Amino acid sequence: MPEVEKYVSGLVIGIPAIVLGNVLTVFLQLEGKLAHANIAVFATVIVNLCGDSFNIFFLKGNMLGMGIATSLSYYAALVVLLVSFMDKDSMFRFSLKEIGWKYAKALIEKGMPKATRRVCNIIRPIAINYMIIMIGGVIAMSAYSVQKSSGDFLELLGTCNGDVIVLLCGIFWGEENEQALKDTMRIGYKVVFIG
């Protein structure tokens, strides 16, 4: 636990970059700039490997240094993503004019269900792990880990497609484009069931 605490302390620094990176990647996908998203992932891997190596071989560092290296890798990806939106042909461009507290209430209301789900998704496995270890021990924990990994693999296609479908349907709902909504749902169901 002390080592985990050190790693998490370093990783916390990168939370803003992780959140913004996830949001910006969605917009890049909408613009069809998948190459930029892939470059961001590549930047994350390279900076993380270099940071971890520097921490281990030169600083003789601990898990705190590993967490900081991971955080820096997320910031490197964020820089790549931000540069992608500076293109004049970008459909989405940044504007500081529209930033203000008047949007805070709407953002909190719309974001609260997802935030609540995320918090519950963090708490649930911790609680389940403690119960399994107390009741069944390490062997039961190992069995649960295998079952959980298998489940995650099987639900991957549905989860990924679901995120894209929700995003597109939100856009089409705002545009009141009923035909596009139906088409998106139909194609989404086909992809999930065929896959």
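Helix α2 passes helix α4 in a left-handed crossing, meaning the near helix is turned anticlockwise from the far one by less than a right angle. This is a predicted model, where local features need pLDDT of at least 70, side-chain atom pairs count only at pLDDT 80 or more, and totals for chains, interfaces and linings use all residues. Residues are numbered from 1 along each chain as its sequence is written, and side-chain values use heavy atoms, with hydrogens and water left out.

So how do the two helices sit together? α2 (residues 15-31) and α4 (residues 63-84) pack at an angle of about 35 degrees, with axes 9 Å apart. Those axes are lines fitted to C-alpha atoms over the stretch in contact, and angles run from 0 to 180 degrees between N-to-C directions. Contact means heavy atoms within 4.5 Å. On the α2 side, the residues in contact include Leu 20, Leu 24 and Leu 28, and they meet a set in α4 that includes Tyr 74, Leu 78 and Leu 81.

The expected span is 1.5 Å times one less than the number of residues.

| Helix | Residues | Expected span | End-to-end C-alpha distance |
|---|---|---|---|
| α4 | 22 residues | 32 Å | 32 Å |

Buried means under 20% relative accessible area. In α3, the buried residues include Ala 37, Asn 48 and Asp 52, and the buried residues of α3 pack against α2 and α4. In α4, Gly 65, Met 66 and Leu 78 are among the buried ones, and the buried residues of α4 pack against α1 (2-11), α2 and α3 (34-57).

Terms used. Helix = DSSP H or I, 4+ residues; strand = E, 2+ residues; numbered from the N terminus. Buried < 20%, exposed > 50% of the residue type's maximum accessible area, 1.4 Å probe, protein only.
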